[in-house]
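Please look over the sequence and the structure shown below before reading on.

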Amino acid sequence: MADTVSDATFDAEVLGSERPVIVKFTAPWCRPCRHITPTLEAIALEHGDALRLVELDIDDNLGVPSRYGVLSIPTVILFSGGEPRATVMGAAPRRRFDEAFAPYLA
């Protein structure tokens, strides 16, 4: 299960993290966002404590999505070392997430 972050907690929880963090930009009404949740949870589970999965509700938090150019959801960004490293937009299949994230989850 993903933790929730907000505009107020994003910098400390995501950018300040010592391990990679997958951020799912989402909203409660977004069906494709719900569709990719099991995939992201499986990836996080496979990497255990070496990876963190969080969600940010774009309806309640406008600052962070704006800062990272999130114009549609679902958008998933992997952050590592305080920087965005890989982005997957839309309800992509598992292999797309694996390919995008692999260089940062070795």
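## Aromatic rings

Two rings of Phe, Tyr or Trp, with the six-membered ring standing for Trp, are taken as a pair if their centres lie within 6.5 Å, and the angle between their planes then sorts the pair as stacked when under 30 degrees, edge-to-face when over 60, and tilted for the rest. In this model, which is predicted, F10, Y68 and F79 belong to one aromatic cluster.

Across the whole structure, the search gives 4 aromatic pairs. One of them is the tilted pair of F10 and Y68, whose planes stand at 50° to each other and whose centres are 5.8 Å apart. This pair links distant parts of the chain, since F10 lies in helix α1 (residues 10-15) whereas Y68, 58 residues away, lies in the loop between α3 (63-67) and β4 (75-80). F10 has a relative accessibility of 0% and therefore counts as buried, while Y68 is partly exposed, with a relative accessible area of 22%. F10 also pairs with F79, and because their planes meet at 80°, with the centres 5.4 Å apart, this pair is edge-to-face. Here too distant parts of the chain are linked, with F10 in helix α1 and F79 in strand β4, 69 residues apart. F79 is buried, as is F10.

## The disulfide

How many disulfides does the model contain? The count comes to 1 disulfide, and it is formed by C30 and C33, whose sulfur atoms are 2.3 Å apart. This distance falls within the 2.5 Å required of a pair of cysteine sulfur atoms, which is why the two residues are counted as linked.

The link between C30 and C33 is right-handed, with 80° about the S-S bond. Are the two cysteines buried or exposed? Both C30 and C33 are buried.

## The chain as a whole

The protein chain holds 4 helices and 5 strands, and, read from the N terminus on, these elements follow the order β-α-β-α-β-α-β-β-α. With a radius of gyration of 12 Å, close to the 13 Å that the globule rule gives for 106 residues, the protein chain is as compact as a globular protein of that length. Along the principal axes, the C-alpha trace of the protein chain spans about 30 × 30 × 20 Å.

Of the 106 residues in the protein chain, 44% count as buried. The protein chain exposes about 5700 Å², of which carbon and sulfur atoms supply 52%. When contacts in the protein chain are taken between residues at least 6 apart in sequence, 67% of them join residues at least 24 apart.

## E41 in helix α2

E41 is found in helix α2, which comprises residues 31-47. With a relative accessibility of 28%, E41 counts as partly exposed, because that class covers values between the 20% limit for buried residues and the 50% limit for exposed ones.

Which residues does E41 touch, if those up to four places away in sequence are not counted? The contacts of E41 are with M1, A2 and L53. As for R19, which is 22 residues from E41 along the chain, the C-alpha atoms of these two residues are separated by 16 Å.

Technical notes: Residues numbered from 1 in each chain as written. Predicted model: local features only at pLDDT ≥ 70, side-chain atom pairs only at ≥ 80, totals over all residues. Heavy atoms only, no water. Buried < 20%, exposed > 50% of the residue type's maximum accessible area, 1.4 Å probe, protein only. Helix = DSSP H or I, 4+ residues; strand = E, 2+ residues; numbered from the N terminus. Rg over C-alpha atoms; globule rule 2.2 N^0.38 Å. Contact = heavy atoms within 4.5 Å. Areas by Shrake-Rupley, 256 points an atom, 1.4 Å probe, with all protein chains shown as cover.
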